[in-house]
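Student: Hi! Could we go through this one together?
Tutor: Happy to, let's have a look.

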Amino acid sequence: MKARVHVMLKDGVLDPQGEAVRHALGSLGFDEARGVRQGKVIELDLEDGTSEARIGEMCEKLLANTVIESYRIEIL
Amino acid sequence: MKAAVIVFPGSNCDRDLAVALRAAGFDVTMVWHKETGLPGGVDLVGLPGGFSFGDYLRCGAIAARSPIVGAVVDHAKKGGYVLGICNGFQILTESGLLPGALMRNRELKYICRTVPLIVKNADSPFTSGYRDRQAIDIPIAHHDGNYSADADTLARLSGEGRVAFTYAANPNGSRNDIAGILSENGRVLGMMPHPERAADPALGGTDGRALFTSLAQSFAEA
């Protein structure tokens, strides 16, 4: 089975990279892009039957830094 | 006085840190990250600067989960001393020994230059050789030194005198100009600037030396 973990900076945490991307979009004429937040996607190739709780543990222990990041698990 | 300097794949300030500690009188052992325990009788653990594990995932994230860091956390929980510099500071926040996180610099640029710092707490075992509010010049060299923490944590750090150093002119966007913080018991220090790069006149500065001599003195008194 496969799962995808989406890691994003929490709301309220400044995202300087997203802000730089927003600037670049603006300079290309995409003025409608009012805000950009950049995160990362991690794809996991897992043993069949791995529980979502187990993937949650992976996120808590390593994949996300929950001080500044939130995560969302998608089972594929 | 025994110190252990942990070496990760990608550490590049480990030997500089060992030189600075030895000059202050420490007996230094280098410890590879795959070790599961610290050498017996170690008073101080140094987590050096560099790019452990290529900064993959997040700076310090993988190092913080390496076998030796489990032993470093135990050492700190038993009241042992830990000094984390630059990548070492990132490892300390990733391991939970210090609060907050180090994010990408505000201007998204790697910054490598000597910057003025203010000593905010001259009462800790790491800073007793400085005067309160003393201005010192220490090099920084990082891409991810932008200290971030929630408002409660920031208030607690400043209320409890746990901000050891601030930037006189904030180079990276750090909240409250924070350059280095102490643990609750004052025995764990994490800082982005590199005192070991300013501990010998041949390196162009000696303002970092007092940090190592302060530590040596607090162990001599103990």
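**One residue, then the wider picture**

Tutor: Let's begin with A:Leu25, which lies in helix α1 of chain A; helices (H or I, at least four residues) and strands (E, at least two) are DSSP runs, numbered from the N terminus. Keep in mind that this is a predicted model, where local features need pLDDT of at least 70, side-chain atom pairs count only at pLDDT 80 or more, and totals for chains, interfaces and linings use all residues. Residues are numbered from 1 along each chain as its sequence is written, while chains are lettered from A and ligands numbered from 1 in the order in which they are written.

Student: New topic: how many residues of chain A are in contact with chain B?
Tutor: 8 residues of chain A are in contact with 11 residues of chain B. On the chain A side, helix α1 (residues 16–27) gives the largest share, 3 residues.

Student: Which strands are in the open sheet of chain B, and in what order?
Tutor: The order of its 9 strands is β2-β1-β3-β4-β11-β10-β9-β6-β7, with mixed pairing; two strands pair if DSSP finds at least two bridges between them. β2 (27–32) and β7 (135–142) of chain B are at the edges with a single partner strand each, so one side of each has no neighbour in the sheet.

Student: What about β1 and β2 of chain B, parallel or antiparallel?
Tutor: Strand β1 (residues 2–7) of chain B pairs with β2(B) in the parallel sense, over 6 bridges. B:Ala4, for example, has B:Thr29 in β2(B) as its bridge partner.

Student: Last one: what is the secondary structure of chain B overall?
Tutor: Chain B has 5 helices and 11 strands. Of its 222 residues, 54% are buried. Its C-alpha atoms fill a box of roughly 40 × 40 × 35 Å, taken along the principal axes.

Technical notes: Contact = placed C-beta atoms within 7 Å. Buried ≥ 20, exposed ≤ 12 C-beta atoms within 10 Å, placed from the backbone.
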